[in-house]
Amino acid sequence: MIETLKHGSNVNKTKQTSAVNTVKNHSTPCLSPSFGGKIINFHSPFSKNELGINTKLSSQKDVEMYNALTQVLAASAEQTSPLDNISRLKKLDTLLKNGTLLKNNSNDNSTTLENLYKISTEQRTLNFDNAKILGQTIDALYAPETITQVFGDIPPEEKAKILQDPELDPRIRQNPSLLDVTSSGTCVSASFESHLARRHPAEFARWAQEITSPKESISFTVNASAFNPSYLEAYNILRNMFEIKPQSIDFNSKDFTFSLSPDKNAKIRAQIQNKHWDKGERNILDVFMQSTLMHAGSEQTYNTLIDKREGKFNSNPEGLGEFEKIFLETIIEGEERLSMVYQKVDVNQNLVGWGCDFATIQKHIIDTLNTNDDVIIGYVLTNETSGDTMLPGYVNTPDNAPNKIINGHEITIVDYKQDKNGAITFICNDTDDGLDKLIEYPADYLIPKIHHAGYAARIVEADYDRITNAVYGGVGNNAA
């Protein structure tokens with residue numbers, strides 16, 4: 001779900017934090033784009049060479065944990081993954097050999113292996129099968145591009161149970177069809193989920209372990225400077241803006257410790273998927289992961305049953321806005337992040353220009369990819385770029401203008417390649433394209449459609465003020 005911005009609203013033109021200077025409150029529905037690209041086979045967790053990869057079980061504890069995992073997988077009812085019919089024991093072996101298993105790039109420095117071991121040996125919430133949650137976690141780590149945002153259908157007998165709940169949202173009782181989510185707004189959270197699996201496998205496994213445990217929450221320790229240089233302002237962002245109460249406050253370390261949880265209805269969706277999952281739908285782990293991110297980003301207002309939210313920063317009931325997205329990105333990365341808004345959008349949601357040139361946008365993306373990071377982008381389609389203006393009988397009216405924005409979506413750029421003529425092609429992950437492979441888009445096709453993207457502050461801060469001023473106050477550069 002991306003946010004298209006309304007001109008003329010207040011914006012802080014001075015970069016002070018990754019969060020407070022990106023507040024904009026208008027969204028477009030998150031629909032699956034119909035255009036395509038070239039499908040490629042590419043699922044390595046490492047798109048660039050990394051130093052210090054550990055592929056050997058060097059301690060007795062690691063050997064014991066690994067052996068315990070193999071025993072659980074060997075005894076599982078799903079020894080081969082229902083996603084691709086590949087043995088999960090083989091996937092586990094691959095995760096060891098490519099260094100994923102022994103990584104400790106998590107918030108608490110725990111390894112992927114340690115978290116997988118906890119999943120396999122400790123009780124899961126709602127008594128979910130340990131082996132099933134373990135298998136789903138391994139599937140995602142092995143091929144992050146298989147993660148999807150597609151909600152599953154709710155069978156009639158399950159709907160009947162939901163409608164009997166005396167505490168049910170009155171909107172659902174009045175209109176049960178709200179339970180039939182056909183086009184979800186979880187593209188931001190699903191993109192983060194796949195990003196975690198690809199770039200931070202130990203953290204992904206920690207999320208999987210903690211949110212499917214009986215406590216159903218994931219804990220973090222994040223330095224206040226990631227949110228704002230002022231400790232009190234950082235507290236305000238967490239507590240008063242996003243309704244997240246820190247569990248501990250330390251003015252010496254300037255750290256915050258807090259937890260995120262899925263909304264209460266996530267358990268209902270997860271139980272349904274446990275019994276009625278079909279290929280191409282979200283599984284138990286996806287439900288919990290995406291619901292946790294949606295709930296935190298929407299200021300604790302998300303309802304997984306109907307994929308709707310309220311909240312103070314987004315008037316649209318679907319998806320997450322740009323400000324909410326960069327807040328979550330800051331938590332996930334544990335560092336200052338900036339949302340670069342590139343497109344100029346008028347009050348009628350027409351694309352009217354860009355705040356910088358094509359080369360600058362491309363440089364931001366490539367510089368980020370070269371640091372082994374992803375770039376999660378929000379792009380828009382207009383009547384013209386979606387091809388609507390080419391349809392027979394098209395009439396150019398104010399609501400049907402060529403530059404009218406009709407669709408918004410979030411995808412992740414995970415890598416790039418360059419041909420002999422210097423042309424760049426981006427390798428992307430889309431959680432709503434119905435594919436379990438990555439896809440290629442030429443830079444000259446994708447870049448003009450990018451409305452915003454999140455980056456580490458160190459990558460883009462030199463350009464931030466100039467581009468922000470151009471988008472919200474200046475003429476900008478329409479060359480993108």
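Here are some friendly questions and answers about this predicted model.

Reader: Which helix gives the largest share of the lining of the largest pocket?

Author: Two helices, α4 and α11 (284-297), each supply at least two residues of that lining. The largest share is 3 residues, and the helix they come from is α4.

Reader: What about the second largest pocket: which residues lie nearest its centre?

Author: The second largest pocket has a volume of about 230 Å³. Its lining divides into 4 nonpolar, 5 polar and 7 charged residues. There are 16 lining residues, and nearest the centre lie Glu 167, Asp 169, Lys 264, Asn 265 and Asn 303.

Reader: Now to the backbone. Is Asn 127 buried or exposed?

Author: Most residues other than glycine have a negative phi. Asn 127 has a positive phi, near 55 degrees, and sits in the loop between α3 (112-121) and α4 (130-142). Its relative accessible area is 63%, and exposed means over 50%, so Asn 127 is exposed.

Reader: And is Gln 349 buried or exposed?

Author: Gln 349 also has a positive phi, about 65 degrees, although it is not a glycine. Its place is in the loop between β6 (343-345) and β7 (351-354). The relative accessible area of Gln 349 is 17%, and the cut-off for buried is under 20%, so Gln 349 is buried.

Reader: Which residues form the nonpolar patch on the surface, and how is Ile 249 placed, buried or partly exposed?

Author: Leu 232, Ile 249 and Phe 251 form the patch, with about 330 Å² of accessible area together. Ile 249 lies in strand β3 (residues 248-250). With a relative accessible area of 45%, Ile 249 is partly exposed.

Reader: How many salt bridges does a search of the whole structure find?

Author: Side chains of opposite charge can pair when their charged atoms come close. One set of linked residues is a network of salt bridges made by Lys 325, Glu 329, Glu 335, Arg 337, Asp 373 and Arg 458. The number of salt bridges found in the whole structure is 27.

Reader: How many residues apart in sequence are Asp 139 and Arg 88?

Author: The side chains of Asp 139 and Arg 88 meet in a salt bridge of 2.6 Å, N to O. Asp 139 lies in helix α4 and Arg 88 in helix α2 (residues 88-97), so the pair ties together parts of the chain whose separation in sequence is 51 residues.

Reader: What is the distance between the closest N and O atoms of Lys 308 and Glu 318?

Author: Glu 318 is partly exposed, at 22% relative accessibility. Lys 308 forms a salt bridge with Glu 318, and their closest N and O atoms are apart by 3.7 Å. Both residues lie in the loop between α11 and α12 (322-333), so the pair ties together parts 10 residues apart in sequence. The distance asked for is 3.7 Å.

Reader: Where is Glu 324, the partner of Arg 309?

Author: The side chains of Arg 309 and Glu 324 meet in a salt bridge of 2.6 Å, N to O. Both residues are buried. Arg 309 is in the loop between α11 and α12, 15 residues from Glu 324, which lies in helix α12.

Reader: How far apart in space are Ala 143 and Ala 197?

Author: Ala 143 is in the loop between α4 and α5 (156-163), and at 5% relative accessibility Ala 143 counts as buried. Ala 143 and Ala 197 are 54 residues apart in sequence, and their C-alpha to C-alpha distance is 8.3 Å.

Conventions
Residues numbered from 1 in each chain as written. Predicted model: local features only at pLDDT ≥ 70, side-chain atom pairs only at ≥ 80, totals over all residues. Heavy atoms only, no water. Helix = DSSP H or I, 4+ residues; strand = E, 2+ residues; numbered from the N terminus. Buried < 20%, exposed > 50% of the residue type's maximum accessible area, 1.4 Å probe, protein only. 1 Å grid on protein atoms, 1.4 Å probe; cavity = no way out; pocket = protein on both sides within 12 Å on 5 of 7 lines; lining within 4 Å. Points joined across faces, edges and corners; volume = space filled by probe spheres on them. Nonpolar A, V, L, I, M, F, W, Y, C, P; charged D, E, K, R; others polar. Patch = residues over 30% accessible without salt bridge, like charges linked within 9 Å, V, L, I, M, F, W, Y side chains within 5 Å. Areas by Shrake-Rupley, 256 points an atom, 1.4 Å probe, with all protein chains shown as cover. Salt bridge = Lys/Arg side-chain N within 4 Å of Asp/Glu carboxyl O.
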